[in-house]
Amino acid sequence: MRTSQPKTIYLSEYQAPAFVVDNVDLRFELFEEGARVHSTLAVRRNPDASDAGSILELDGDSLKLESVVLDGRQLEGSEFDDQGEKLFVPNVPDQFQLNVVTWIEPQNNTRLEGLYKSSGMFCTQCEAEGFRCITYFPDRPDVMARFRTRVEADATKYPILLSNGNDVDRGELEGGRHFVSWEDPFPKPSYLFALVAGDLLEKKDTFTTMSNRVIDLRMYVEPRNSEKCDHALDSLKRAMRWDEQVYGREYDLDIFMIVAVDDFNMGAMENKGLNIFNSSCVLASSDTATDMAFERIESIVAHEYFHNWSGNRVTCRDWFQLSLKEGFTVFRDSQFSADVGSKTVKRIEDATLLRTAQFAEDAGPMAHPVRPASYMEISNFYTLTIYEKGCEVVRMIHTLLGPELFRKGSDLYFDRHDGQAVTTDDFVRAMEDASGRDLSQFRLWYEQAGTPELTVGDEFDADAQIYRLTIGQRIPQTPGQADKKPQHIPFGIGLLSAEGLALPVRLSAGDDSTRTERVLELTGEEQTFEFHGIAERPVPSLLRDFSAPVRVNYPWTRDQLLFLMSHDPDGFNRWDAGQRLAIDVITSLVGAPDDEPVEPRLISVYRSLLSSTDLDKALVAKMLQLPSEAYLIELSDAADVQAIHKARQKVLGELALNLRNELVTCYHNNDHDGAYELTSEAIARRTLRNMALSWLLHINDEEGQAMGLKQFSEATNMTDQSGALRALVNSDFEGVRERVLGDFYQQWQQDPQVVEQWFSIQTSSPRAGQLDKVHALLEHEAFDWKNPNKVRHVIGAFAGQNLVNFHAPDCSGYDFLAEQICKLDDLNPQIAARLVSPLTRWRKFAAGYRKGMKAALEKVRDKPGLSADVYEVVHKSLAE
């Protein structure tokens, strides 16, 4: 295990590797009691290194070293220095071959880094620093080598043997064993190495590329999951075709493989040619997966495939550049999802995640730039800032350059850096060189942490027919960064007349453009923009399509927000106006007397939405969703969770009571007896139907209970069955709640992914997810401490989604989480560190909550032998 007081690593101290590895030849002997790894490295001194020296330094972790051979001569113990986490070999020549043999125990690897066992199969996870848990190696992304891998195992227990690249040799061995050799012709860093060995079912398909090459597609799953592969393979083929059409990127190997693994710390891993997926992120059938799961799987499959170019062929020089591959690839998968679905709905989903969770990260103790300046444990920086904010930074470049110049820039980036490990600055430079735009100031998005706050004021000169907007920007202080410079911000805008008509947006007196939307470019601390030819005071539509990840402060009235909800042609801003109105109503009721009425116009506008036949149902479903408690907390200065919960529940209850008849009508109008269809229209219909049911059961409607029970028992797909289950669980019909929970588990107890849903439906429920229930689920036969998905769906869902019970006034939720973090830290530090997150922003809350959250953090801090992963998060959270 790593030291509990880790060293801080700084970007400013980066040095090129002293040695490079051209070729890696690996031989794995897999046994039940462990694995022997034979590594042969072709090494040479790096001519670009500032100080190559004569000592070879290799990384290692939890390895038993058996032998070291240099150029054919076995070294004595005195000729190398094995320090556990480092292997030093002095006096090496300029070019040499090094053979290292190590023994590891995958069956005892609960950290799930390197080589480990899951459901009886061997599998790997090497990003970010897992390869060093397999063999000694310069385990850093700027060391790129060609890998050849031979895997040997028992032929009966492990008939499927996989690794990166193409299958080049196979055969039988003595003792009922066999081998398969794989060769990857493309240089890659060690974090992209992969190996799988197991008794797996193979699903096959093919894809014909734009140059008429036929690619062999294979998916490997446990036999019980044989009917859950089609959606992932179909999604893969759609992503391959889309990447050819939109980015001109063609797949480069002869084979592309996907493996589903139950025990996995992350969602999926883009290992070259052999993508390994968390089962929950790749397996789906209509009877076991919800619509949301289907959409998530399509997005993740696309994301991992897109990495073949944006991450594999061109990778990051060091881990500070992580967003180079992740931010760009999230942008690409977001584009893909928008193209195959609804652009507006996708934008709403992305913005909701940013504003609820990433903005919170930006305002917390772990705040860091998209390109961090330092870290203790890199696994703590697989964050929403790296991924989602990094995506938004790339999206802003796309907005500023336009689609054609952005495509020229991406082509130049891939052509210029193919086979290289590069930086975010190299990416921006390619965009500059292709477009002729100066993005010097824009680079601050990579360097400065925090969410920019824009303050917008306006005035109207009726005589001159000029409307003026003054926009100021500031970026709050974040840890280690006090004074921030103004950033280059694209700001989408439209103007509406009193009749709801889109007005021409003209920036000068001589402008006769008919354009009704523009993107302003903010570069200073404060700028004023004039719009000419405006005959009446307009209603501004600001930050259209969420053109930048910023907060906007403008003194909208409720009348203006109601107007924008009804008339704004920008679907995102129409939704956003509804969110702002609901936020204003809910926050006005926080701490208010119980008899304080709910704004009647909110009820009226929701009635109009429920009755609308003009709006897209998918947009209606989004507009009917009230802002989450998590987002309301994020908008508070000293959050009182119980008061926020009470106010939101009151608004939801009043809406449901007043719209009861419309909800029943909505439910029945969106019923569908035909076969399950995975189309945008069908998904929207099921979403509206389940939302109407949940609102009816929120007010304990008797007819709603009957509708829910009927839907639960007669459902032909998991979206409808779990939707009914969730609605019934969140009602006060306690006897019914326990009965349907029991029936659901009885029906699906053999399916781990469905059982995970069953766990989270309970632990995230304000009414069913009391702490004693969560304790009971930890003792349930289906719960497994070594399985990250189970941990996330029980402990993570309780602390992250069931906020009213987690933030109980007696602080029992905080004590519970601290206990589980300490227990998990000894098993899987990565998962333990991620569970600390709900406690990190303790300063955000009112005094009573604050004290309990801080005490829980201190309890974790004082645990003996605390891992580096948890140490970093806890100590930064408690720092002044």
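This is a short chat about a few spots in the predicted model shown above.

Me: What should I know before I start?
Reply: This is a predicted model, where local features need pLDDT of at least 70, side-chain atom pairs count only at pLDDT 80 or more, and totals for chains, interfaces and linings use all residues. Residues are numbered from 1 along each chain as its sequence is written, and side-chain values use heavy atoms, with hydrogens and water left out.

Me: Okay, let's start with strand 11. Is strand 11 enclosed or open?
Reply: Strand 11 (residues 121-125) is largely enclosed by the rest of the structure, because five of its five residues are buried. Buried means under 20% relative accessible area, exposed means over 50%, and partly exposed is in between, with a 1.4 Å probe and protein chains only. Strands here are DSSP runs of E with at least two residues, helices are runs of H or I with at least four, and both are numbered from the N terminus.

Me: Which residues sit on each side of strand 11?
Reply: Met-121, Cys-123 and Gln-125 are on one side, with Phe-122 and Thr-124 on the other, and all are buried. In a regular strand the side chains alternate between the two faces of the sheet.

Me: And which strands does strand 11 pair with?
Reply: Strand 10 (residues 114-118) pairs with strand 11 in the antiparallel sense over five bridges, and two bridges join strand 11 to strand 16, also antiparallel. Two strands pair if DSSP finds at least two bridges between them. Phe-122 is the bridge partner of Lys-117, and in strand 16 the partner of Phe-122 is Ala-197.

Me: What about the turn between strand 10 and strand 11?
Reply: The two strands form a hairpin with two residues between them, and Ser-119 in the turn has a positive phi of about 50°.

Me: New topic: where is Lys-188?
Reply: Lys-188 lies in the loop between strand 15 (177-183) and strand 16 (195-198). Its relative accessibility is 2%, so Lys-188 counts as buried.

Me: What does the side chain of Lys-188 make a polar contact with?
Reply: The side chain of Asp-184, at 3.0 Å. A polar contact is a pair of N or O atoms within 3.5 Å; within protein, one must be able to donate a hydrogen and the other to accept it, and residues adjacent in sequence count only if both atoms are side-chain atoms.

Me: Now His-368. Is His-368 buried or exposed?
Reply: His-368 is buried, with a relative accessible area of 5%. You'll find His-368 in the loop between helix 4 (343-362) and strand 23 (374-375).

Me: Which polar partners does His-368 have?
Reply: The side chains of His-368 and Thr-383 are joined by a polar contact of 2.9 Å. A polar atom of the His-368 side chain also lies 2.9 Å from the backbone oxygen of Met-366.

Me: How far is His-368 from Phe-381?
Reply: They are 13 residues apart in sequence and 8.7 Å apart in space, C-alpha to C-alpha.
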